[in-house]
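Please look over the sequence and the structure shown here.

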Amino acid sequence: MAYARHFTCDICGSPKKTTNNWFLVSKDSCITIYSFDAGNAKLKRFAILCGENCLQKYVSQNLDLLQTQPPQDSSINIGSAD
Ligand SMILES: [Zn+2]
């Protein structure tokens with residue numbers, strides 16, 4: 001039998017099982033949610049989450065981080081023109 005890599009949830013530490021609906025979330029400044037893929041799950045730029053509860057916790061934790069880092073896109077300008 002082929003070697004099966006074991007994945008665990010980055011929030012609660014639960015081991016991945018074949019029947020679970022897991023998610024991958026990019027760790028970039030923009031939160032993007034993907035369905036679980038074993039190939040992508042090996043990449044460090046994705047958080048591995050076991051379900052909606054842990055997904056919500058992850059997003060909540062990272063919303064706090066995002067509030068301290070305003071987007072670098074300057075397409076919205078507020079205030080002085082000069
Ligand atoms: Zn979890």
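Which way do Phe46, Ala47, Ile48 and Leu49 point from strand 3, and are they buried or exposed? Phe46 and Ile48 point one way, Ala47 and Leu49 point the other way, and all are buried. A residue is called buried if 20 or more other C-beta atoms lie within 10 Å of its own, exposed if 12 or fewer do, and partly exposed in between, with C-beta atoms placed from the backbone. In a regular strand the side chains alternate between the two faces of the sheet.

This is a predicted model, in which local features need pLDDT of at least 70 and side-chain atom pairs count only at pLDDT 80 or more, while totals for chains, interfaces and linings use all residues. Residues are numbered from 1 along each chain as its sequence is written. The average pLDDT (the predictor's confidence in each residue, from 0 to 100) is 81 for the chain, and 70% of the residues score at least 70. Confidence is highest in strand 3, at a mean of 96, and lowest in helix 2, at 83. Helices (H or I, at least four residues) and strands (E, at least two) are DSSP runs, numbered from the N terminus.

The sheet is open and has 3 strands in the order 2-1-3, with antiparallel pairing; two strands pair if DSSP finds at least two bridges between them. Strand 2 (33–35) and strand 3 (46–49) are the edge strands, each pairing on one side only. Strand 1 (residues 23–26) is joined to strand 2 over 3 bridges, and Phe23 has Ser35 of strand 2 as its bridge partner. Between strand 1 and strand 3 there are 4 bridges; here Ser26 is partnered by Phe46.

Gly51 lies in the loop between strand 3 and helix 2. Gly51 counts as partly exposed because it has 15 C-beta neighbours inside 10 Å. Leaving aside neighbours within four places in sequence, Gly51 is in contact (C-beta atoms, placed from the backbone, within 7 Å) with Asn20, Asn21 and Trp22.

Methods: Two residues are in contact if their C-beta atoms, placed from the backbone, lie within 7 Å.
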